[in-house]
Amino acid sequence: MAVTPGTETPPPPYLGRSVRIVGPVANVDMNQTPHPRNSRGELGKALFNWYRNTISRDPLTRVSAPNHFADQRNFLASVVNQAPKGKINSSQVAVSDPAAMTRHIKAVAHHMGADVVTVARAHPSFLYAATAPPKDSAARDVYQNRSGDVYQGRTPEQMVQRYPYIIVATTAWDYDKLQAHRHYIGDAAYHVSQMKAQLILKALEGYIRELGYAALRGMSNPQAAGLASGVGELGRNGLLIHRKFGARIHMPDAIMTDLPLVPDRPVDNGVEDFCKICRKCAINCPTNSVPFGDKVVFNGVEKYKINWLTCYKVRPYMDAHWGSCLTCATVCPFTKPNVWWRSLTVWALSACPIPARPLLVRALKAIDDRFWGTTRQSRVRWLGYDSGIKPGEQACTVAGCTAEHGTAHAAEPVGSIGYYAPLKENTNRFVKRDV
Amino acid sequence: MALRSDWLKIPWRRAHARHHDPYWDFFINTPPADRANSVLDVIRKAPEGNVFPTKADLHTPEVTTSHVKEMARYLGTDLVGITTLENDDAGHPFAIVCVVRADDDPHEAPGIGGQVPAQNGLFVTFVLAAWIRELGFRATMAMSPDAPRLAAAAKLGTLDRTGKLVTAEYGTRVHVADVIRTDLPLVPA
């Protein structure tokens, strides 16, 4: 069969040490990913009702989490993402030096508040398959605004030729609030920074159009673009692990563009060596969805593969306590405040010769277990929320509050232990480990 | 955490990099050819959501005030203050004023970059107003010409001769975000 020039598949991209493309990769159909499947009711009643028909009891969750609002107009991300797209500026800004433009786009995203900005060279395997978005507007995931951006009859190879770069811009969430994960406090850290990332990406997308270039959303798998551009390495928990923020970064829908840029390279943070030994996320996962074993090949990609269905299935039952679990992100030893001793440690790990790394990793893991604990139990109090109150109990622990509540005031808020629902010992009984 | 390294960062590094950026002036000063490429109109013109029918179990007004301020700071505002309103049209007793740092004044720099302080301010005020509505109280955010006056009344700074807000923390390099008017029980500064 004759191949039209410019449509042959480029060689598989190098994605760093943590992920390897070993076979043909089929483009992922966005409509077959967990949230869209759930919104069509294919994962059972409990999950469907949690996703489509649940109003959160927590006011902050109602304004910040997708699909649990009482009124969608109070949820900024849906306002921003459902807005019509602007036109591409007809007077294009000439780019003589792509390196200067790359520095400029990164400075722009940082100016808007992004924590991480990288540029990936697009590859056909990164793209989602060309499928129509769901007809039912309520079934569209509010974070995937791909309705206007279509392939226009092109193949993935032609798309990559036409739009060769993917800009990954994202935010990290708050470390201190994350310590109360599996609690509304951790949810707030996660969801608010996610909304901020949506706003930044929308503004950046608009700015690229103002420069006179195309900006396509809902096209690229953000994790693949993140790996190729060195946002981080893929950990055992299936999350990108960043040099500065660990696993606490969002991976929202990236921007595919024809703006001339200089792509970044994959990074080596030592995640590959750490994940071989650590297994902290696998031990702490309340549903045992993170593998203890080796990497597997899935869709032509060799990587650690989590069991997304068991990860997903616990959520409807935890609705009264939290919206986002985040256990694997929190317990990851790379998830630390962005301070000098963390920079020093990650630098030491990535500067260490690879054969010597297991020794260093064991030492670092022992330090992490000793000082941060094998599981997170710290108590966080924020805005009247208190992770030191046992799940199911209610009390006001705000110092100096004398208001008449429906619930009692805690006599003396003491202790530093945080409670997270569900407790691991309660889920070990009915979820099997895969060792 | 006591061992932060923020003090090691050189304050002028980023500004220096911008000086050599050939596209920075376009970013700050060229108004968008299509207003739909800016997120400001999208957020400002969005219809307001409903007030949640059940009022939340609030703490005392003093505690609620500190929580509102903490939430505003968490959403990214640099200064936040509360003041009382006299003869408001809708009868809201309080105004929450958020002030964000502004490298460029959004009133003078029409580019998408020049509007970034307004964008940051809108993020804070939209989410904060929506959160108050979900607590079961009325809250409306709107652009208003007397925003600097209300910011001064909320003791965030003083007004200069031209009616611009001058703050102790950031001088005049600030942007007063849209004012939230609310009937949430608060204690004005």
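Me: How many helices and strands does the secondary structure of chain A come to?
Reply: The model is predicted, and chain A has 435 residues, of which 57% count as buried. Among its contacts between residues at least 6 apart in sequence, 77% join residues at least 24 apart. The secondary structure of this chain comes to 16 helices and eleven strands.

Me: Which strands stand at the edges of the open four-stranded sheet of chain A?
Reply: The order of this sheet is β2-β3-β7-β4, with antiparallel pairing. An edge strand has a single partner strand, so one of its sides is left without a neighbour in the sheet. In chain A this applies to β2 (116-121) and β4 (215-216).

Me: Which residue of β3(A) is the bridge partner of Thr118(A)?
Reply: β2(A) and β3(A) run antiparallel and are joined by six bridges. The bridge partner of Thr118(A) in β3(A) is Val168(A).

Me: Are the residues of β3(A) that point either way buried or exposed?
Reply: In a regular strand, side chains alternate between the two faces of the sheet. In β3(A), Tyr165(A), Ile167(A) and Ala169(A) point one way, while Ile166(A), Val168(A) and Thr170(A) point the other way. Six of the six residues lie under the 20% limit of relative accessible area, so the strand is largely enclosed by the rest of the structure. The residues pointing either way are all buried.

Me: Which residue in β7(A) is the bridge partner of Ile166(A)?
Reply: β7(A) comprises residues 255-257 and pairs with β4(A) over two bridges in the antiparallel sense. In that pairing, Ala215(A) has Thr257(A) as its bridge partner. β3(A) also pairs with β7(A) in the antiparallel sense, over three bridges. There, the partner of Ile166(A) is Met256(A).

Me: What angle does helix α8 of chain A make with the direction of β7(A)?
Reply: Helix α5 (residues 98-112) of chain A lies across β2 and β3 of that chain, running at about 145° to β2(A). Helix α8 (residues 184-211) of chain A packs on the sheet as well, where it touches β3, β4 and β7. The direction of α8(A) makes with that of β7(A) an angle of about 10°.

Me: Which residue of β9(A) is the bridge partner of Arg20(A)?
Reply: Chain A has an open sheet of three strands in the order β1-β9-β8, with antiparallel pairing. Its edge strands, each pairing on one side only, are β1 (20-21) and β8 (296-298). Two bridges connect β1(A) with β9(A), residues 301-303, in the antiparallel sense. The bridge partner of Arg20(A) in β9(A) is Glu302(A).

Me: How are helices α14 and α15 of chain A oriented to each other?
Reply: The axes of α14(A), residues 340-351, and α15(A), residues 357-372, come within 10 Å and cross at roughly 155°. Residues that meet include Trp341(A) and Leu349(A) from α14(A), and Leu360(A) and Trp372(A) from α15(A). By class, the residues of this contact are seven nonpolar, two polar and one charged. Angles over 145 degrees count as roughly antiparallel, and the two helices are therefore roughly antiparallel.

Me: What is the orientation of α4(B) and α5(B) to each other?
Reply: The axes of α4(B), residues 61-75, and α5(B), residues 116-134, come within 9 Å and cross at roughly 140°. The contact brings together residues including His67(B) and Met71(B) of α4(B) with Phe123(B) and Trp131(B) of α5(B). It has nine nonpolar, one polar and no charged residues. The crossing is right-handed, and the helices are therefore oblique.

Me: What is the relative accessible area of Gln119(B)?
Reply: Gln119(B) is found in helix α5 of chain B. Beyond its neighbours within four places in sequence, Gln119(B) is in contact with Met112(A), Leu199(A), Ala203(A), Val39(B) and Leu40(B). Gln119(B) is buried, and its relative accessible area is 3%.

Me: Which residue in β7(B) is the bridge partner of Met141(B)?
Reply: Met141(B) belongs to the covered face of β3(B), together with Ala139(B), while Thr140(B) and Ala142(B) form the uncovered face. Four bridges join β3(B) to the antiparallel strand β7(B), residues 179-182. The bridge partner of Met141(B) there is Ile180(B).

Technical notes:
Residues are numbered from 1 along each chain as its sequence is written. Chains are lettered from A and ligands numbered from 1 in the order in which they are written. This is a predicted model: local features need pLDDT of at least 70, side-chain atom pairs count only at pLDDT 80 or more; totals for chains, interfaces and linings use all residues. Side-chain values use heavy atoms; hydrogens and water are left out. Axes are lines fitted to C-alpha atoms, for helices over the stretch in contact, and angles run from 0 to 180 degrees between N-to-C directions. Angles under 35 degrees count as roughly parallel, over 145 as roughly antiparallel, 65 to 115 as roughly perpendicular and the rest as oblique. A crossing is left-handed if the near helix is turned anticlockwise from the far one by less than a right angle, and right-handed if clockwise. Contact means heavy atoms within 4.5 Å. Ala, Val, Leu, Ile, Met, Phe, Trp, Tyr, Cys and Pro count as nonpolar, Asp, Glu, Lys and Arg as charged, and the others, Gly among them, as polar. Buried means under 20% relative accessible area, exposed over 50%, partly exposed in between (1.4 Å probe, protein chains only). Two strands pair if DSSP finds at least two bridges between them.
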